[in-house]
Amino acid sequence: IGPSTAFADLSTKVGTAWAVFGRPWLDRASTLPGAHAELVGQRMFFVAAVISLILDRRDEAADLIGRAMEQQPLAADRIVDWSHQNGLL
């Protein structure tokens, strides 16, 4: 944005981006199951495992913990600690 910015065009682009990307994402991710699906889709397995546990899907949470440890080996100790604290491992 600068002195020569055409604000009418910019506002149209922002509105279009909101309608095409922002609002649909918010609609999908505004519930725990929707947020969970988004996180799995983005391969954020540890956070998805936390939501699985909240949703009382323990088997799914344990599976996602395994995937998180494979994906983030440097964080495996912390993931294992959290998993033990929550009865998943």
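Trainee: With which side chain does the side chain of histidine 36 make a polar contact?

Mentor: This is a predicted model, in which local features need pLDDT of at least 70, side-chain atom pairs count only at pLDDT 80 or more, and totals for chains, interfaces and linings use all residues. Residues are numbered from 1 along each chain as its sequence is written, and side-chain values use heavy atoms, with hydrogens and water left out. A polar contact is a pair of N or O atoms within 3.5 Å; within protein, one must be able to donate a hydrogen and the other to accept it, and residues adjacent in sequence count only if both atoms are side-chain atoms. At 3.2 Å, the partner of histidine 36 is the side chain of glutamate 60.

Trainee: Is histidine 36 buried or exposed?

Mentor: Buried means under 20% relative accessible area, exposed over 50%, and partly exposed in between (1.4 Å probe, protein chains only). Because its relative accessibility is 7%, histidine 36 counts as buried.

Trainee: Against which helices do the buried residues of H2 pack?

Mentor: Helices are DSSP runs (H or I, at least four residues), numbered from the N terminus. In H2 (residues 32-41), the buried residues are Gly34, Ala35, His36, Glu38 and Leu39. They pack against H1, H3 (45-54) and H4 (58-71).

Trainee: Which residue caps the N-terminal end of H2?

Mentor: The cap places a side-chain oxygen 3.0 Å from the backbone nitrogen of glycine 34. The residue that supplies this oxygen is threonine 31.

Technical notes. Helices (H or I, at least four residues) and strands (E, at least two) are DSSP runs, numbered from the N terminus. Contact means heavy atoms within 4.5 Å.
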